[in-house]
Amino acid sequence: MRLALSLGRRGLGRCAPNPAVGCVIVRDGRIVGRGWTQPGGRPHAETVALAQAGDQARGATAYVTLEPCAHHGQTPPCASALIAAGVSRVVVALGDPDPRVDGGGIAALREAGLMVEVGLCADEARADLAGFLTRVTRGRPMVTLKLASSFDGRIATASGDSQWITGDEARRHVHAMRASHDAVMVGAGTVRADDPSLTVRGLGVEHQPVRVVLSRHLDLPLDSQLARTARDIPVWICHGRRAAPELVSAWAGIGAEMIEAGETQGALDPVSVLQALGDRGLTRLYCEGGGSLAESLLSAGVVDELVGYTAGVALGAEGRPSLAAMGIGRLAEAPRFDLVETRAIGGDILHRWRQRHR
């Protein structure tokens with residue numbers, strides 16, 4: 001099952017809105033087939049593994065990280081494929097809460113006489129599939145908030161100098177994180193200040209995440225890197241209902257997808273934005289700031305994971321903070337996260353945290 005989980009992770013960032021599933025087929029103690037959800041969401045992991053196993057699937061055990069689908073979509077049900085191949089036993093890490101499945105796949109396998117076991121490595125599977133599960137149960141993508149800061153929590157000097165606080169290894173890891181998410185999101189201030197490309201570079205990766213920008217008034221430079229590449233790599237811009245129609249038309253004309261979102265207290269409502277992104281199929285969203293956007297997501301309670309890169313440099317109180325003011329008067333009001341991982345990465349420290357509701 002742990003091999004199936006590792007295979008499933010190969011699909012992260014590449015198969016939305018489908019889950020990144022892994023499958024391993026074992027017969028007589030030997031692996032005869034393995035597969036994971038392919039780019040675009042199909043073929044499914046079970047289909048790939050069964051094709052590799054061929055006739056050796058008969059009488060075998062299939063280890064699958066998520067309940068096999070039982071509904072007819074663009075591909076036949078995976079439960080039916082396992083039954084037709086003659087698999088005798090299926091071990092499932094996690095049930096699928098999608099209403100089109102939700103126990104139907106397991107029931108179909110059992111009705112056909114297959115032995116089915118559920119729950120092996122369930123916690124690991126739940127973490128790997130958090131994006132898919134969040135979209136199904138909450139209607140929005142999982143949100144990973146990245147903060148790269150000095151030891152004292154600053155993201156730039158008072159003059160705005162920020163390149164580079166962290167080292168090469170940490171920045172390379174950020175690119176790997178981008179590659180494992182469906183989309184990368186920033187605010188308009190980051191686009192104006194840094195003119196980022198938000199692409200995956202230096203890893204030999206062809207697939208690129210969607211670039212999402214939040215800009216209530218569409219006060220974005222039309223000569224930016226995002227604007228120049230909008231026809232080649234998707235750019236989605238979330239804006240307010242009062243954004244100037246000529247700016248909406250201008251960005252749409254150069255290839256950006258325009259998304260009107262709700263507003264709250266003079267800013268875009270992060271819940272509305274995430275709902276719109278979930279409606280468009282995104283399951284995993286990597287937010288790279290800046291401070292105002294990060295604050296709005298944390299204050300709205302929609303950050304599922306925090307990924308921090310902390311450098312051994314101190315910038316002082318005059319430096320720019322990693323988060324805008326949150327208006328927290330009591331410690332009990334602050335959002336809390338549980339530590340998942342911490343390790344050295346080059347000369348910096350990587351620390352990853354998960355929201356406690358998981």
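Is Gln 265 buried or exposed? In this predicted model, Gln 265 is exposed, with a relative accessible area of 82%; exposed denotes over 50% relative accessible area, buried under 20%, and partly exposed the range in between (1.4 Å probe, protein chains only). Residues are numbered from 1 along each chain as its sequence is written, and because the model is predicted, local features need pLDDT of at least 70 and side-chain atom pairs count only at pLDDT 80 or more, whereas totals for chains, interfaces and linings use all residues. Side-chain values rest on heavy atoms, with hydrogens and water left out.

Gln 265 has a positive phi, near 50°, in a residue other than glycine. The residue is found in the loop between strand E12 (263-264) and strand E13 (267-268); helices (H or I, at least four residues) and strands (E, at least two) are DSSP runs, numbered from the N terminus. Cys 121, likewise not a glycine, has a positive phi of about 60°. Cys 121 is placed in the loop between strand E5 (115-118) and helix H5 (122-128). At 12% relative accessibility, Cys 121 counts as buried.

Strand E14 (residues 284-287) is covered on both faces. Arg 284 and Tyr 286 are buried on one side, and Leu 285 and Cys 287 are buried on the other. Pairing of two strands requires that DSSP find at least two bridges between them. Strand E6 (residues 142-149) pairs with E14 in the parallel sense over four bridges, and Leu 285 of E14 is the bridge partner of Val 143. Strand E8 (residues 183-187) also runs parallel to E14, to which three bridges join it; here Val 184 stands opposite Tyr 286.

In helix H2 (residues 45-53), the buried residues are Ala 45, Glu 46, Ala 49, Leu 50 and Ala 53. These residues lie on the same side of H2 because they cover an arc of only 120° around the axis, the arc being that of the directions from the helix axis to the C-beta atoms. The buried residues of H2 pack against strand E1 (22-27), strand E2 (30-36), strand E3 (61-64) and helix H3 (78-84), where contact means heavy atoms within 4.5 Å. Gly 54, with a positive phi near 60°, follows H2.

Two cis peptide bonds complete the description. The bond from Arg 42 to Pro 43 is cis, with omega near 0°, and Pro 43 is situated in the loop between E2 and H2. The bond from Ala 16 to Pro 17 is also cis, with omega near 5°; Pro 17 lies in the loop between helix H1 (2-8) and E1.
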